[in-house]
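Morning, everyone. Please have the structure open.

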Amino acid sequence: MKIKKKQLETEAVYKPKLIKKRKPNRSIVGDFFIYAFLLFMAVLMAFPLVYAINNALKPLDELFKFPPTVFAQNPTLDNFSDLFVTMGKSWVTFSRYIFNTVFITVVGTVGHLIIASMGAFVLAKYDFPGGKTFFKVVTVAMMFNGYVISIPNYLIINKLHMVDTYWSIIIPAFASPVGFFLMKQFMEGLPMSLVEAAKIDGANEWRVFTSIVMPNVKPAWLTMIIFSVQGLWNNPASTFIYSEEKKTLVYALQQIQSGGIARTGQTAAVSVIVMMVPIIIFVLSESQILETMASSGLKD
């Protein structure tokens with residue numbers, strides 16, 4: 001009898017309790033208006049992208065049609081083929097422009113990720129003289145856009161003899177304050193107990209950084225990669241690079257856009273190509289960006 005009673009008590013403790021579902025306080029009408037509003041906002045945000053893609057697929061007679069139509073009635077890829085023909089006539093090959101852009105984007109993004117994450121790790125997890133002052137300088141640097149610092153930036157690059165080289169674009173990208181700020185704020189939410197436990201187990205600073213910290217702040221550095229890629233991919237680099245064989249794809253496409261009315265279709269194709277890479281990267285990492293924005297302000 002005692003054994004049976006003990007068994008019943010044990011089952012009562014470990015038996016999962018039924019939790020009542022909490023019903024929302026909204027009515028059916030309220031839900032309808034919320035979903036209708038979200039649908040309206042989704043259509044509003046997707047409209048520019050849909051319109052740009054359809055413009056690139058329109059023949060010339062539809063591009064000059066008034067009033068303009070949103071969707072292409074006779075879709076064609078002639079604008080893209082004409083664009084590649086025009087680029088093929090240049091004395092610098094189209095593949096060279098692509099290589100220049102990809103090289104600058106990849107090297108600049110990787111370097112920015114390494115420098116910003118390592119610096120943010122030190123500022124977020126260690127106290128040292130001048131650390132708070134340095135972070136305040138980084139925060140103030142975010143207030144200045146590229147146009148404000150363009151002249152001092154050019155003077156520094158010129159003194160370093162990096163004008164008309166890839167490094168004139170890559171080196172400034174390493175020091176972008178946005179990624180540094182984002183990584184530091186996100187790393188502050190990482191418990192210090194993880195770092196201390198790893199050190200007790202015999203891990204050195206590099207092992208703690210690569211095996212403990214970076215995997216736990218993956219949403220932050222993925223978001224930083226997206227921001228860096230967008231900035232470098234869309235950079236025409238015309239201020240620092242003068243040699244045609246070193247110019248970027250965006251610069252070459254902008255020259256086509258300035259070709260007049262005859263290249264209106266090619267201009268529409270250029271717009272789609274320029275926006276394609278950042279959008280694809282954003283879509284693939286959208287969940288990580290939302291997680292970063294939701295948790296970057298949380299502290300341990």
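**The nonpolar patch**

Let's begin outside. Ile98, Val102, Val106, Val110, Ile114, Ile115, Met118 and Trp206 make up a nonpolar patch on the surface. Together these residues have about 680 Å² of accessible area. Keep in mind that this is a predicted model.

Which helix gives the most to the patch? Helix α5, residues 94-125, with seven residues. Take Met118 as one of the patch members. Met118 sits in helix α5. Its relative accessibility is 36%, so Met118 counts as partly exposed.

**A helix pair**

Next, two helices. Packed helices are described by two things: the angle between their axes and the distance between the axes. Look at helix α6, residues 131-141, and helix α9, residues 177-187. Their axes come within 9 Å. They cross at roughly 130 degrees. That angle makes α6 oblique to α9. And the handedness? α6 passes α9 in a left-handed crossing.

**Two salt bridges**

Now the charges. Side chains of opposite charge can pair when their charged atoms come close. How many salt bridges does the structure hold? Two.

Lys184 and Glu188 form one of them, with 2.3 Å from N to O. Are these two residues buried or exposed? Lys184 is buried, and Glu188 is buried too.

Lys199 and Glu205 form a salt bridge as well, at 2.8 Å from N to O. Here the setting reads as follows. Lys199 has 33% relative accessibility, so Lys199 is partly exposed. Glu205 has a relative accessible area of 38%, and therefore Glu205 is partly exposed.

On to the backbone. Most residues other than glycine have a negative phi. So two residues deserve a look.

His161 is not a glycine, yet its phi is positive, about 60 degrees. Where is His161? In the loop between α7, residues 150-159, and α8, residues 167-174. His161 has 71% relative accessibility, so His161 counts as exposed.

Asp164 also has a positive phi, near 65 degrees, and is not a glycine. Asp164 lies in the loop between α7 and α8. Is Asp164 buried or exposed? Its relative accessible area is 19%, so Asp164 is buried. The cut-off for buried is under 20%.

Start with Thr76. Thr76 is in the loop between α3, residues 60-63, and α4, residues 78-88. With a relative accessible area of 17%, Thr76 is buried. Its C-alpha atom is 6.2 Å from that of Lys58. Thr76 and Lys58 are 18 residues apart along the chain.

Then Ser168. Ser168 lies in helix α8. Its relative accessible area is 1%, so Ser168 is buried.

Finally, Ala268. Ala268 is in helix α14, residues 264-284. At 11% relative accessibility, Ala268 counts as buried. Go to Leu83 next, 185 residues apart from Ala268 along the chain. The two C-alpha atoms are separated by 9.9 Å.

**Recap**

Quick run back through. Between helices, α6 and α9 make a left-handed crossing. For charges, the structure holds two salt bridges. In the backbone, His161 has a positive phi, and Asp164 has a positive phi too. And among the buried residues we visited are Thr76, Ser168 and Ala268. That's my tour.

Conventions. Residues numbered from 1 in each chain as written. Predicted model: local features only at pLDDT ≥ 70, side-chain atom pairs only at ≥ 80, totals over all residues. Heavy atoms only, no water. Patch = residues over 30% accessible without salt bridge, like charges linked within 9 Å, V, L, I, M, F, W, Y side chains within 5 Å. Areas by Shrake-Rupley, 256 points an atom, 1.4 Å probe, with all protein chains shown as cover. Salt bridge = Lys/Arg side-chain N within 4 Å of Asp/Glu carboxyl O. Helix = DSSP H or I, 4+ residues; strand = E, 2+ residues; numbered from the N terminus. Buried < 20%, exposed > 50% of the residue type's maximum accessible area, 1.4 Å probe, protein only. Axes fitted to C-alpha atoms, helices over the stretch in contact; angles between N-to-C directions. Parallel < 35°, antiparallel > 145°, perpendicular 65-115°, else oblique. Left-handed = near helix turned anticlockwise from the far one by under 90°.
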